[in-house]
Amino acid sequence: MKAAIREILIFVIVHYPTIVIAPNQHVLLSTDDESEKHGFMDMDFFYISFIISYLSVVLRNATVLFINPHWRKAWLHFIE
């Protein structure tokens, strides 16, 4: 359990350098001018994660409709 928490903390520190985890478990945000320009969310990460999520849902639906002919007929009947 402690190893998993340590790995999560290392991941956060490496991938999000604007966040510093102090030993007493308080989260301190750095005061970079760059973080103030872009707001609280990294928009590149948001767009990439949104596109990946969207494509996974589309591929899942296509796979389900390809495998199950009853659901495919129902879906095609529904969209007509």
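Here is a walk through this predicted model, from its overall layout down to a group of aromatic rings. Local features need pLDDT of at least 70 and side-chain atom pairs count only at pLDDT 80 or more, while totals for chains, interfaces and linings use all residues. Residues are numbered from 1 along each chain as its sequence is written, and side-chain values use heavy atoms, with hydrogens and water left out.

Let's start with the fold. The protein chain has four helices and two strands, taking helices as DSSP runs of H or I with at least four residues and strands as runs of E with at least two, numbered from the N terminus. Along the sequence, the order is α-β-β-α-α-α.

Now for the surface. Of the 80 residues in the protein chain, 1% are buried (under 20% relative accessible area; exposed is over 50%, partly exposed in between, with a 1.4 Å probe and protein chains only). The accessible surface of the chain is about 7,800 Å², and carbon and sulfur atoms account for 70% of that; the areas come from the Shrake-Rupley method with a 1.4 Å probe.

UniProt, in an unreviewed entry, lists residues 7-25 and 45-67 as "transmembrane region", and such annotations may be inferred rather than shown by experiment. Residues 45-67 are 100% helix and 0% strand, with their end C-alpha atoms 33 Å apart.

Next, zoom in on Phe-46, which sits in helix α3 (residues 43-67). Phe-46 is partly exposed, at 35% relative accessible area. What do Phe-46, Tyr-47 and Phe-50 form? They make one aromatic cluster, where rings of Phe, Tyr and Trp (its six-membered ring) pair if their centres lie within 6.5 Å. That rule gives three aromatic pairs. Phe-46 and Phe-50 count as stacked because their ring centres are 6.3 Å apart and their planes are at 25° (stacked is under 30 degrees, edge-to-face over 60, the rest tilted). Phe-46 and Phe-50 are four residues apart in helix α3, so about one helical turn separates them.
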